Amino acid sequence: MDARIVDHPEFRLVGHAARVRLVHQGINPHIQRHITALPTEEHLRLKALGNTEPSGLLAVSDDLDPDYAEGSELTYLHGVAVSPGTPVPDGLDIIEVPAGRWLIIRTTGPHPQTLQKAWATAAAAWFPSNPWRLRPGPEIVAALEPTNDFSTATCELWLPVEPA
């Protein structure tokens, strides 16, 4: 598993949020409907607004059920990361993210299967064998190198962590 721990200063996640149901495997149809409802120009506007890591358009899951129960609700945000002083246009949702440590797992392969497998491996193997645990905060996926049809991608999964 390609994983590293980084310290990251505070930042903001801005974009379009919706309450959706958690789906463990395959494409989440609730999230897919949310993203495809946005006009193409909005994706470009968001991407131009992002100015800090994690970079690019982001898939953000927040307010997750602590047990990650299939079908539980979460807040999903399609957006970007910006530094704290960045002006945010009206009409965008904002998630304030305090400074902290992050486990960043890099994946490459069929999407979303490779990403979902990496999360499962982190939960079953990485966390039990390392002195870290999840802390409150959003979970972020940065799609760094997707194919045009998004069937394969290189992604970074950002998980908020603290010493166990």
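Guide: We will take pockets, then a helix, then some details of the backbone. Keep in mind that this is a predicted model.

Visitor: How does one find empty space in a structure?

Guide: Rolling a probe the size of a water molecule over the atoms shows where empty space is left. Here the largest pocket holds about 1,500 Å³ of space, and the second largest pocket has a volume of about 170 Å³.

Visitor: How many residues line the largest pocket, and which lie nearest its centre?

Guide: The lining has 45 residues. Nearest the centre are Ala-59, Tyr-76, His-111, Leu-115 and Val-141.

Visitor: How do the lining residues of the largest pocket divide by class?

Guide: There are 27 nonpolar, 15 polar and 3 charged residues. The lining of the second largest pocket has 6 nonpolar, 1 polar and 5 charged residues. Among the residues around that second pocket are Asp-62, Asp-63, Asp-65, Tyr-68, Arg-135 and Glu-139.

Visitor: Now the helix. What span should H3 have, given its 17 residues?

Guide: At 1.5 Å a residue, H3 should span 24 Å. The C-alpha atoms at its ends are 23 Å apart, so the two values agree. H3 also has a bend of about 45° at Ala-122.

Visitor: Which residues of H3 are buried?

Guide: An α-helix has 3.6 residues a turn, so residues three or four places apart point the same way. In H3 the buried residues are Leu-115, Ala-118, Trp-119, Ala-122, Trp-126 and Phe-127. Their cover includes strands S1 (2–8), S6 (100–110), S7 (132–134), S8 and S9.

Visitor: Why does Ala-118 count as buried?

Guide: Buried means under 20% relative accessible area. Ala-118 has 9%, so it is buried.

Visitor: What does Ala-118 touch, leaving aside its neighbours within four places in sequence?

Guide: Ala-118 is in contact with Met-1, Ile-105 and Thr-107. Take Thr-107 as an example: it is 11 residues from Ala-118 in sequence, and their C-alpha atoms are 7.2 Å apart in space.

Visitor: What should I look for in the backbone?

Guide: Most residues other than glycine have a negative phi, and most peptide bonds are trans. Glu-53 and Pro-54 are joined by a cis peptide bond with omega of about -5°, and Pro-54 lies in the loop between H2 and S3. The bond from His-111 to Pro-112 is also cis, with omega near 10°. Pro-112 sits in the loop between S6 and H3.

Visitor: And where is the residue Asp-63, with its positive phi?

Guide: Asp-63 is in the loop between S3 and S4. Its phi is about 55°, although Asp-63 is not a glycine. Tyr-68, placed in the loop between S3 and S4, likewise has a positive phi of about 55° without being a glycine.

Key: Residues are numbered from 1 along each chain as its sequence is written. This is a predicted model: local features need pLDDT of at least 70, side-chain atom pairs count only at pLDDT 80 or more; totals for chains, interfaces and linings use all residues. Side-chain values use heavy atoms; hydrogens and water are left out. On a 1 Å grid over the protein atoms alone, a cavity is a set of points where a 1.4 Å probe fits but cannot get out, and a pocket is an open set with protein on both sides within 12 Å along at least five of seven lines; lining residues have an atom within 4 Å of a point. Grid points are joined across faces, edges and corners, and a volume is the space filled by probe spheres set on the points. Ala, Val, Leu, Ile, Met, Phe, Trp, Tyr, Cys and Pro count as nonpolar, Asp, Glu, Lys and Arg as charged, and the others, Gly among them, as polar. Helices (H or I, at least four residues) and strands (E, at least two) are DSSP runs, numbered from the N terminus. The expected span of a helix is 1.5 Å times one less than its number of residues. The bend at a residue is the angle between axes fitted to the seven residues ending there and the seven starting there. Buried means under 20% relative accessible area, exposed over 50%, partly exposed in between (1.4 Å probe, protein chains only). Contact means heavy atoms within 4.5 Å.
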